[in-house]
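Please look over the sequence and the 3D structure shown here. The paragraphs that follow go through a few of its parts in turn.

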Amino acid sequence: MRRRYDRRDAVIIDDDAVDGLADRMLGPQDKSVPPAAWGQHVREYLGTAPELWQWQTPLLTLDRGRLDANLALMAEWTAIAGVALAPHGKTTMAPQLWREQLMAGSWAITLATGWQAQLARAFGVGRIMLANSLVDPVGLSWAAAESARDNEFGFSCWADSVATVEAMSAILRTSPPGPPVRVLVELGGPHGRTGARSRAEAHAVASAIRASERLTLAGVAGYEGALAHDRSPAGLDAVRGYLTELATLHTELLAAGAYSGPAIVTAGGSAYPELVVDALAGLATADGSTTVVLRSGAYLVHDDGFYASISPLTAPAMAPGLRAAMHGWARVVSRPEPELALLDGGKRDFPFDEGLPVPQLVVGGPALPPGAEVTALNDQHTFLRLPGATAADLPVGSVVRLGLSHPCTAFDKWRLIPVIDDADAERPRVRELIRTYF
């Protein structure tokens, strides 16, 4: 195993495992890959200097220039803010992209399920935060055994109730002896997602963790994005109030001597990163006794929808700002009405939960008519309305580039994603293939 180390000599990823993805063979199981590439290894295929137009539609692509720019922007922004970054890996489930994030200075990879953590560990990821409770007996027993097997492995998970702690302790009592599992108390909020609903409840959870022989209290955690979905005054106030409660909880536990070692204070940060920094960054200590961790998942890929509208790191609020690095490409397969075009991509191919795709341009063709809009998606079709158009304005066979919203529900539809040099180029070239695991 060829391990990659960071400046603290901590193992962060296995280069051999990640590089080995280039030895995978392409075939019809890889959606939209051209049949001419079937039977070739990824490395061999990329050596042919392929172009985007050779691929089938529908298609999802990544833009290498924008990925690099987003990666650098977030690394610099968090460094200046004085917080660590543990990007949420469930957004992409792509070890190749995790490696880029870790090599840019990310402190860890965040994941959501035991299986996701196991997948990351199979690629040598050395520090994993499971942003969830882990009460699955198989998953928790694995985490404990892996920590016992490798004392360099940094694993932590969350708990938001005494019942959760009791369930974890019961599972671990039947597991072989090993180091205690590091657990963060999760604080929630009214009408939010998971998390203790008050600081008093959170203190009870912390006490239960401390009383367990197989667990140790490692910090406090939460997700502010569940409490608002916009930048209205009420939404921002709700997020600020919640983050203040999270900071107070940590301060109280610290004053009580509740932590047995270095503490973590962590919140989300894709939609409200500046609020997280304002509320929590001051808790970080130079000696490492408290680390403040931002878990932003969307920044690397960003989007042309929800995050573009809400993130303060998007232009013009920030220059140059995060830019969408993913695009959809779909072909006109029907013009049943003068003002309607049906494209060959749909819910199986593109995200729709945080907004429908946005038509951006026609490849090699005239500009889209004013008011062009996607109004619906079926499983395999996109309804593109074209006010005032005629059938000749967008003929069958035309390819439309789409802006997409919400990378978390874009990547899960693709096992293999081509990375092109420039989505705005006249003839984009395919430079890499990103393998995902969903």
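Strand β3 (residues 59–63) is covered on both of its faces: L59, T61 and D63 are buried on one side, and L60 and L62 are buried on the other. Buried means under 20% relative accessible area, exposed means over 50%, and partly exposed is in between, with a 1.4 Å probe and protein chains only. Since 5 of the 5 residues of β3 are buried, the strand is largely enclosed by the rest of the structure. Strands (E, at least two residues) and helices (H or I, at least four) are DSSP runs, numbered from the N terminus. This is a predicted model, in which local features need pLDDT of at least 70 and side-chain atom pairs count only at pLDDT 80 or more, while totals for chains, interfaces and linings use all residues. Residues are numbered from 1 along each chain as its sequence is written, and side-chain values use heavy atoms, with hydrogens and water left out.

β3 is joined to strand β12 (residues 326–337) by 4 bridges, and these strands run antiparallel. Two strands pair if DSSP finds at least two bridges between them. T61 has H327 as its bridge partner in β12. β3 is also joined to strand β18 (residues 416–420), by 2 bridges in the parallel sense. Here the bridge partner of D63 is I420.

Another pairing involves strand β7 (residues 154–159) and strand β8, which are parallel over 4 bridges. In this pairing S156 stands opposite R182 of β8. Strand β8 (residues 181–186) is mostly covered, with 5 of its 6 residues buried.

Next come the helices. Helix α4 (residues 95–103) is mostly covered as well, as 8 of its 9 residues are buried. Among the buried residues of α4 are P95, L97, W98 and R99.

How do helices α8 and α9 pack, and at what angle? Helix α8 (residues 199–211) and helix α9 (residues 233–255) pack at about 40 degrees, with their axes 11 Å apart. Axes are lines fitted to C-alpha atoms, for helices over the stretch in contact, and angles run from 0 to 180 degrees between N-to-C directions. Angles under 35 degrees count as roughly parallel, over 145 as roughly antiparallel, 65 to 115 as roughly perpendicular and the rest as oblique. α8 and α9 are therefore oblique to each other. In the contact (heavy atoms within 4.5 Å), R199, A202, H203 and A206 of α8 meet E245, T248, L249, E252 and L253 of α9. The residues of this contact divide into 4 nonpolar, 2 polar and 3 charged. Ala, Val, Leu, Ile, Met, Phe, Trp, Tyr, Cys and Pro count as nonpolar, Asp, Glu, Lys and Arg as charged, and the others, Gly among them, as polar.

The backbone has some features to note. Most residues other than glycine have a negative phi, and most peptide bonds are trans. The bond between T57 and P58 is cis, with omega about 0 degrees, and P58 is in the loop between α2 (42–46) and β3. A cis peptide bond also leads from A319 to P320, with omega near 0 degrees. S32 is not a glycine, yet has a positive phi of about 75 degrees. S32 is buried, with a relative accessible area of 11%.
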